[in-house]
Amino acid sequence: MTMDRKAILTELKKVLAPYTENKEMLDGINEDTDLIKDLKINSANLVDIIIDAESQYNIEIDFNSAEKMFKVGSGIDVIIEKMNLSA
Amino acid sequence: MKSTGNDIVALGSIDNQRTGQFRFYSKILSTSEQALYHQPQFAEMPFKNYVWLLWSVKESAYKYLKRNLPGLVFSPAKIIIQHIEIPIGGLGKLESIQWDGNGDNQAFYRGKVVYESYSLYFRSKINGEWIATVVNDTESFENVYWGIQSIVATGYDHQSKEARTLLLSRLHSFFPGNLQVGKSPLGYPVIIKDTEDMHIPVSLAHDDHFVAYSFILDPVDSN
């Protein structure tokens, strides 16, 4: 089953929630949202987010892909790419 | 351009179980760094401390390099710690939460970290509550200033404000007057005095109940 970007964004909010202080900001994220600059997520939690996303989508995210995931939109790109690889 | 970079990790806020999982630490530590942990000097260091010590070095190095490499993205496993020396006498007692570059070298974890063709050097402190690091581009940390403080409340805005206040209180001992912390167009902190950028490299960090700063002065300013 293929998920569309909007559905992934909705699920990503759940992945990001434990690491985001500002829940109102989280509700309003879009593909341009920067995880550190906009959501003020502690950089030490970025690895947690990568691992939680791996579990959520049953994918593996390598170093080169992980470093693209500082924005919501590029994170969705990586998730779709990896889901297609494992399909 | 001269730069600085620091980081602090609150040990109380880390997930010990997750830190010990290969799928977690392998996203932070390179293969060579995983092997380095098995050297005899780390026999008494808990693995979680090792992982987060190296994280704090990598994040500090990233902050240092970002000033001169604006497009750099933090990818911890690509910033490699080449060697680490441990403090003489083990962890020792924590004498101070404020240091300048003339401090006792042997009281710190210290070593070399590389990213592509760039080499940096680090000093780190570990106590029961936090791991903190500062990096510089030479083995000498003369004129590098570094401080850490605990704070009562958490929350991003409060932590950020407390870190700035701590930094400014130290800078005021060198530069009396109206100092403020601003932000460069690239996002790193800058020191403003009477609307002018003072071009002092500064770095700020916070995690949980702890805030920290580092800055480097020209030798003429530090006298």
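This is a predicted model: local features need pLDDT of at least 70, side-chain atom pairs count only at pLDDT 80 or more; totals for chains, interfaces and linings use all residues.
**Helix H1, chain A**

I started with H1 of chain A, which runs over residues 5–16 and has twelve residues. I looked up its reach from first C-alpha to last and found 16 Å, close to the 16 Å expected at 1.5 Å a residue.

Next I asked which residues of H1(A) are buried. They are A:Ile8, A:Leu12, A:Val15 and A:Leu16. These four sit on the same side of H1(A), because they cover an arc of only 80° around the axis. I note the general rule that an α-helix has 3.6 residues a turn, so residues three or four places apart point the same way.

On the other side of H1(A) I found A:Lys6, A:Ala7, A:Thr10 and A:Lys14 exposed. I then checked what covers the buried residues of H1(A); the cover includes helices H2 (23–27), H3 (46–57) and H5 (72–86) of chain A.

**Nonpolar cores**

I turned to the largest nonpolar core, which has 56 residues. B:Val9, B:Ala61, B:Val113 and B:Ala212 have the most contacts inside it. Helix H4 of chain B (residues 47–66) gives the largest share, eleven residues. Where does this core lie? Domain 1 (5–149) and domain 2 (151–222) of chain B both give residues to it, so the core lies between them.

I listed the contacts of B:Val113, leaving out residues up to four places away in sequence. Its partners include B:Val57, B:Ala61, B:Ile79, B:Gln82, B:Leu120, B:Phe122 and B:Val135.

Notes:
Residues are numbered from 1 along each chain as its sequence is written. Chains are lettered from A and ligands numbered from 1 in the order in which they are written. Helices (H or I, at least four residues) and strands (E, at least two) are DSSP runs, numbered from the N terminus. The expected span of a helix is 1.5 Å times one less than its number of residues. A residue is buried if 20 or more other C-beta atoms lie within 10 Å of its own, exposed if 12 or fewer, and partly exposed in between; C-beta atoms are placed from the backbone. The arc is that of the directions from the helix axis to the C-beta atoms. Two residues are in contact if their C-beta atoms, placed from the backbone, lie within 7 Å. A nonpolar core is a set of buried Ala, Val, Leu, Ile, Met, Phe, Trp, Tyr and Cys residues joined through C-beta atoms within 7 Å. Domain bounds come from an automatic or database domain assignment.
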